[in-house]
Structure formats: C-alpha cells, structure tokens
Amino acid sequence: MMHDTSEDNGGSRPYRVGLIGTGIMGTNHAIGYMLNPRTELVAVADSDPVNLERFSKRFGVTSTYSSYEEMFSRESLDIAAPILPARPNPDAVIAAARAGIPAIFCEKPICDSLEDADRMVEEITARGVHWSAADAMRNLPGFWQVKEMVDSGELGPVRTINIYLGVGDGRGEIWGANCQDLSVARLFADDADVEWVVGWVRDDPFDDVDQAMGGCIRFENGIECFINMRAESRRGIEIVTEKGVMFSDFNKFRVWKLRDIDGETAQIDDLVGISDAIPDAGLNEMPYDEHGRRYPGNRMKASIQAIVDCLELGVPPRCSGENMAKVLEIIVALRESHRRGHAPVRLPLEDRSLRVEPLPYRWINRKEVFGTDRYEELMSVHIKEEG
C-alpha cells in the first residue's frame, strides 16, 4: 500500500512503524519504538515463525506477516525498520523505498559490496526517502554538542582526527563494528568526500572477509584522520581543533580548550579542561522496567529520535545510509591500499564489485550461526522473568 503523503501528520498521531526481523536486534529496536511517544509499532514481518509468534505474544502486535512484501502491500507505514543481517538488507531497504514509505531505519552493516551500496543510495535518492542506518554512536547528542562548539568557533576548525581501535588479540572487524568510529570521523570532517587513503589490514589483504584495519584518510577539505589499529589502552576518538581537543570513548566525553598563548607553541599545561562540558552518554544503563522489558539504551533512544526528527522537522538523518555507504568505500580503499603495496588509493573507486564480507553473525541469521540454544539464551535478556 502506498503511503498517503498528502496527509500532514502535524503531530496529531504517532508515526506508524513496520518492523522487519524479530530477532535479537529487532526486539531491541521494537522496545525503542514503543518507548518513543511519537512512534507506534503497528506491524511486524519475519520469515521465522517461532520468532514471529514469540514477538507477537511479548508485545501484543497482532498484524504479523511472513514476508515484508506482504506487510508493505497491506499496511500504511511512516517508518520501515528492516533489522536484518547484511545479506538480505539491501533488497528490504529498496523494497521499502519502492513501496512509498517516507522513512527507513535499518541496521549496520548495510551490505557487503560497493555495487549494492550504490544501488541502495540510487533508489533512496530518487524517491526522496529519509534513510537512517544503524543504532549509531553518531546519533549521540554529545557528539553534536561538540560539533556545535566547533562550528560556533568556540573550539575552532578541526585539524586532525585520531581513531584508537585497540583490537586486542581478536581478529577485529572494521565494517561490522568500527564503522561507528569512521562515521563519527566523517561528522567532524563535515562529511567531506575523501581524496585518498593509505591503509593496511591486520591479517590478509587478499581476503574479502571483514578484519581490523589501520591507515590514514585525507579528506578533500584538508582534514586528516589517522586510524590506530593497536592502541590497546586508548579506545575511542580524538578530535584536535585549532583551539582545543575532544576525546570520547563513545560513552564519556572530555573537552579541553587552549588558553591564549599569543602564538607560542602549545604545551600540555596550555590545555584547560572544561568541567562537565558534555554529559556522559550512559550507554551501560539498561535497566528493566515495570513490564519486565529491558531498556534498549540511550544510543537506541537517540537513534530512533533521529528518524522521528526527519519526519517531524524535515532534517536529514544524523547517521544516514549514504554516510554508511561512504564509510564502506573508505574501508574497501584501506584494504586496496595494502593490496597495492600501501600506495595511496584515490576515491571514488572505479571497481564497484569490490566488497567486504561481514563476519557470519552479521552476514546471515544469528540463529543459524550461534545454534538454537545460544540464540534462545540471547533472546531471553530482553524480557525479565518471562513466563
């Protein structure tokens, strides 16, 4: 059913949400929509009948479908929420756009190849759809408060960005997890296009599977970003500006301003901390409510509010699907640089068939990867003492 965009919501009713995927992440998103006063979860689709039945009983959503195509044909929706593995995600996002749904909020990673990313961006752009991607760190209000301090001149323009990954002894994954870091880096680079990258991977540059990466990104506006792959004791992102420094571990924020030094070379003591400039994100605060539902977290709260703001205020998504498509191209270019002997690789990349395959639990259904017992254990955390 095509959405009737001629009727202005005007704040008179909640935005109608259709969820695709009732698994671990889908349930977390669902609770987030239920807690937002401007959204109403009205329909859900899943090809897994066990998950679908459990979801309906847990949350009282009676409009259930075995396919998203049927849901789109029968429901009038304001927001489509495909919370799916990366492999089926592109087709679901494109189907939502073609169905005339005005806003889409999917998860990360959005796909595996530049070709699929291009296909998604083209369809969304042609239809003027709001497309948000990921329960994203970039949606946290703290980063936007710091960005305002930059844009207002309080901290001065951004000069350098440092990302500290600290992958430990594990394989690491930059597309599946550290796309968060790169997405925030793009925010502080004013979402400028990339001129070139130099990079390296931790394991095998000729393996398409996601893995840890390091390198340097040169944006067209002159801002440089350095990815430190083995910074074990310092995990997070650092923004160095003309007049200050911000560091965040993606939960806490610390800001320092440079005192007036009359052109002298800055020393450590010349950076003065701004006490409590940005409140903590509180990402680890996930209590259960009186209904036994686990709070999905402040990041989820901010992410859902961001897609609501798109519809309510007409603003762009804070973490758009197009942004994530550009992040994927950066990641592919980092690996291509290693393949070419660490030579600089200019963007955009000509070969759009290049891909980064997410780790299995992000690529296909988690029940298939983890096995039924482990999957059921993970599903149980959303509802406390469920009967």
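Helices (H or I, at least four residues) and strands (E, at least two) are DSSP runs here, numbered from the N terminus. What you have above is a predicted model, in which local features need pLDDT of at least 70 and side-chain atom pairs count only at pLDDT 80 or more, while totals for chains, interfaces and linings use all residues. Residues are numbered from 1 along each chain as its sequence is written, and side-chain values use heavy atoms, with hydrogens and water left out.

Let's start with helix α4. Just after α4, G100 takes a positive phi of about 85 degrees. Buried means under 20% relative accessible area, exposed means over 50%, and partly exposed lies in between, with a 1.4 Å probe and protein chains only. The buried residues of α4 are N89, P90, A92, V93, I94, A96 and A97. What do these buried residues pack against? Their partners are α3 (68–74), β4 (79–82), β5 (103–106), α5 and β6 (130–133), where contact means heavy atoms within 4.5 Å.

Between β5 and α5 there is a loop that holds P109. The peptide bond leading from K108 into P109 is cis, with omega near -15 degrees.

Two packed helices are described by the angle between their axes and the distance between the axes. Axes are lines fitted to C-alpha atoms, for helices over the stretch in contact, and angles run from 0 to 180 degrees between N-to-C directions. Helix α5 (residues 114–127) packs with helix α9 (residues 321–339) at an angle of about 160 degrees, and their axes are 10 Å apart. That makes α5 roughly antiparallel to α9; angles under 35 degrees count as roughly parallel, over 145 as roughly antiparallel, 65 to 115 as roughly perpendicular and the rest as oblique. On the α5 side the contact is made by L114, A117 and V121, and on the α9 side by E322, A325, L328, E329 and V332. The crossing of α5 and α9 is left-handed, a term used if the near helix is turned anticlockwise from the far one by less than a right angle, with right-handed used if clockwise.

Next comes the sheet. It is an open sheet of 9 strands with mixed pairing, in the order β14-β13-β12-β11-β7-β10-β9-β8-β15. Two strands pair if DSSP finds at least two bridges between them. Which strands stand at the edges? They are β14 (271–273) and β15 (345–346), each with a single partner strand, so one side of each is left without a neighbour in the sheet. Strand β7 (residues 158–164) pairs with strand β11 (residues 236–241) in the antiparallel sense over 6 bridges, and V158 stands opposite T241 in β11.

Two helices pack on this sheet. Helix α6 (residues 141–151) touches β7, β11, β12 (244–248) and β13 (253–258), and its direction makes about 10 degrees with that of β13. Helix α7 (residues 179–188) touches β7, β9 (213–219), β10 (224–228), β11 and β12, and its direction makes about 175 degrees with that of β7. The two helices also pack on each other, at an angle of about 25 degrees with their axes 10 Å apart, and are therefore roughly parallel. Their crossing is right-handed. In this pair, F143, W144, V146 and K147 of α6 meet V184, L187 and F188 of α7.

Some backbone details sit in the loops. D191, in the loop between α7 and β8 (194–201), has a positive phi of about 55 degrees although it is not a glycine. At 31% relative accessibility, D191 counts as partly exposed. H342, in the loop between α9 and β15, is another non-glycine residue with a positive phi, of about 65 degrees; H342 is partly exposed, with a relative accessible area of 38%. Further along, the loop between β15 and α10 (360–363) holds P348, and the peptide bond from L347 to P348 is cis, with omega near 0 degrees.

We finish with the cysteines. A disulfide is counted as a pair of cysteine sulfur atoms within 2.5 Å, and by this rule the count comes to 0 disulfides. For C179, the nearest cysteine sulfur is that of C319, 7.7 Å away. Is C179 buried or exposed? At 0% relative accessibility, C179 counts as buried. The sulfur of C225 is 7.8 Å from the closest cysteine sulfur, in C216, too far for a bond, and C225 also counts as buried, at 0% relative accessibility.
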